[in-house]
Structure formats: C-alpha cells, structure tokens
Amino acid sequence: MIQLSRLEGFFWVARTGGYARAARAFPYPITQPAVHQQVRKLERELEAPLFERVAKDRVRLTPTGRHLFDFVAPFYEGLPALVRSLRGAEHGGEIHIHAASLLLRDLMPAWVKRLRHRCPQAEVHLREAQTLDPHALGRGEADLVISHLPDLPPEYASMDVGMLHGYVVVPRGHRLAQRKRVGLRDLSGETFISYSPGLLPERLQMRALADAGVEPASTISAGTAQTILAFVEAGLGVSALATVDPKGPRRQGVVALRLAAKRFDFKVHAAWRKHAPANPALEAALATAPKP
C-alpha cells in the first residue's frame with residue numbers, strides 16, 4: 001500500500017511546482033529534503049517518474065504524475081473544508097469568506113446579519129483580500145470568494161450578489177465637479193490615482209482607460225478605495241472607482257460623477273466549490289445572499 005504521507009508530499013509539489021515551495025505550503029513544518037524523499041520513495045513504489053525538472057527550482061508532472069494528481073487532488077483540496085465542517089457540526093458550521101475591503105464594508109454587514117439570523121450558531125470569518133484568487137476555494141483557504149469573477153473554472157459554482165457601479169471621483173472645485181456625468185476621456189492629461197499594480201481593480205481601471213484612449217499625465221497608486229478617495233480629496237489627482245452604492249463613493253471634499261457608459265458597471269459574484277462538504281454555514285450564506 002502507498003503511504004499517505006508520501007501522497008501528501010507529492011500533492012504539494014504538484015500544487016506548487018517545486019520542492020522548496022511545497023515545503024513552505026505544507027500545513028505543518030517540514031523540510032525541503034523531507035518532501036523530496038517522500039516523492040522519491042513514492043516514485044520507487046510506483047516504479048514510474050512523477051515529475052520532470054524544467055528549471056532549477058521548478059518541476060512539472062509527467063503523464064503518470066498527472067493521472068495520480070487528478071485522483072488525489074480532490075481529497076487534499078477538500079480536507080480543510082471537511083475538517084471545518086466536522087468541527088462545526090454541533091454549532092452551525094464555520095465559513096471563511098474572502099472579499100475586497102470595498103465589498104466587506106458595503107455588501108457584507110447586512111448579508112452577515114441575515115446569515116446569523118438564519119444560522120445563529122455559525123462562526124463567520126471575513127478576510128480582506130487584496131488579490132482575490134478563486135483557487136483559494138480549491139486550496140481550502142476559503143469557503144466563499146466574493147469578487148468580479150467572470151471566468152471561473154468548471155469546478156466552481158457562482159451566483160450574482162451585486163453590481164459595482166462605475167464613477168469618476170474628483171476634488172471639489174475641480175473643473176469637472178459641476179458635471180452630472182462624465183466619460184473617461186475627460187480625464188486625459190490628469191494625474192490618475194489607481195489601485196496598487198497587479199490587483200484586479202487596478203487591471204480593470206487600466207483596461208478601461210486604455211479602451212477609452214486615455215493616457216494619464218502621471219499615476220499614483222494606493223491599496224484601497226478609501227486611500228484613493230483621501231488622495232483625491234487632497235487634490236493629488238482624480239480616479240475611477242466602482243462601488244456597490246448606486247449613489248457612488250462618498251467622502252467630504254470629493255465629488256462622484258457617474259460614468260456615462262454601462263460597460264463600466266461590473267457584476268459581483270459569490271463563488272464556492274461545487275462539491276464542497278456539507279456545511280450549514282455555507283448553505284445559510286447562499287440562502288441569504290443579496291438579490292441584485
């Protein structure tokens with residue numbers, strides 16, 4: 001019989017693409033040589049190579065390794081959620097929700113209130129995530145990811161839970177502040193305050209500017225919508241933000257102007273694993289989700 005510890009080492013190497021990264025990803029302390037030994041012993045037991053080296057610190061699955069990974073991955077990916085479900089079986093379950101700060105502030109309070117009313121003993125853990133990765137579901141780090149998620153892999157299910165409305169934000173006294181609606185082209189030549197590079201909101205901002213043919217004079221980046229609004233209020237530049245509130249972002253000293261084109265509105269999705277273990281807290285969250 002194959003030892004489960006060797007399968008665990010194989011899973012983490014396959015998941016992370018390298019032995020050093022696998023050792024760091026393990027749910028308990030383990031050294032890189034120990035992980036390597038687990039895989040080597042497994043390969044000897046199976047009499048087949050499972051990985052091929054493609055760089056100094058990177059490996060990829062062989063066809064045999066891929067076949068084995070497809071078999072073991074659902075077990076290891078689902079194990080954290082199963083443990084949480086078993087631990088929470090007597091008190092209504094436990095749910096881990098990942099969402100951006102904007103959605104945590106504007107969408108989640110009323111939702112969590114309904115969830116707790118339906119399942120009073122549920123333990124709810126909210127995490128502010130700068131980079132929202134739906135594969136956090138597959139890794140067992142989250143039970144629900146809430147974001148703009150238009151292209152989900154087939155192993156995840158989703159529902160619409162809201163809409164992000166596009167706005168331009170400018171300081172009071174700005175040349176555009178008296179307009180009712182504006183277009184992104186009106187921002188040409190301005191200093192643009194964006195989200196931090198690499199975040200999904202920043203990519204959406206930059207794509208929208210590029211589609212409109214807008215080239216900012218310069219850019220300043222910030223991590224959250226509140227920081228962006230503070231910079232705008234200080235007169236450091238202008239920005240384009242999406243908000244759940246149909247009246248737009250609100251801050252003293254900032255004017256929010258509705259973007260004329262509907263293409264700057266984005267759906268908010270809640271995503272979960274299709275075959276996640278039974279969890280009353282997750283079921284309550286889905287049953288009480290907002291209806292956009």
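Is arginine 175 buried or exposed, and what is its relative accessible area?

Reply: Arginine 175 is exposed, because its relative accessible area is 54%. The cut-offs are these: buried is under 20%, exposed is over 50%, and partly exposed lies in between (1.4 Å probe, protein chains only).

A word on the basis first. This is a predicted model: local features need pLDDT of at least 70, side-chain atom pairs count only at pLDDT 80 or more, and totals for chains, interfaces and linings use all residues. Numbering starts from 1 along each chain as its sequence is written, and side-chain values use heavy atoms, without hydrogens or water.

Now the partner. Arginine 175 forms a salt bridge with glutamate 190, side chain to side chain, at 3.1 Å from N to O. The two ends come from distant parts of the chain, 15 residues apart. Arginine 175 sits in the loop between S6 and S7, and glutamate 190 in the loop between S7 and S8. Glutamate 190 has a relative accessible area of 17%, so glutamate 190 counts as buried, whereas arginine 175 is exposed at 54%.

Next, the strands beyond these loops. Strands (E, at least two residues) and helices (H or I, at least four) are DSSP runs, numbered from the N terminus. S6 covers residues 156-171 and pairs with S11 in the antiparallel sense over five bridges. Pairing takes at least two DSSP bridges between two strands. Within this pairing, tyrosine 167 stands opposite arginine 258 of S11. S7 is residues 181-182, runs parallel to S11, and is joined to S11 by two bridges. There valine 182 faces leucine 259 of S11. S11 itself spans residues 254-259 and is mostly covered, with five of its six residues buried.

Four of the five residues of S8 (residues 191-195) are buried, so S8 is largely enclosed by the rest of the structure. S8 and S9 (residues 218-222) run parallel and pair over five bridges.

Now compare the loop pair with other charged pairs. The structure holds 14 salt bridges. Among them is one in helix H4 (residues 63-87). There aspartate 70 and arginine 66 meet at 3.5 Å, N to O. They are four residues apart, so about one helical turn separates them. Both ends have intermediate accessibility. Aspartate 70 is partly exposed because its relative accessible area is 47%. Arginine 66, at 41%, is partly exposed too.

Another salt bridge joins arginine 60 to glutamate 52, at 3.0 Å from N to O. Arginine 60 is partly exposed, with a relative accessible area of 47%. Glutamate 52 is also partly exposed, at 36%.

Last, an arginine with a covered setting. Arginine 6 lies in helix H1 (residues 4-16). Its relative accessibility is 13%, so arginine 6 counts as buried. Leaving out residues up to four places away in sequence, arginine 6 touches Gln38, Lys41, Leu42 and Glu45. Contact means heavy atoms within 4.5 Å.

Technical notes
Salt bridge = Lys/Arg side-chain N within 4 Å of Asp/Glu carboxyl O.
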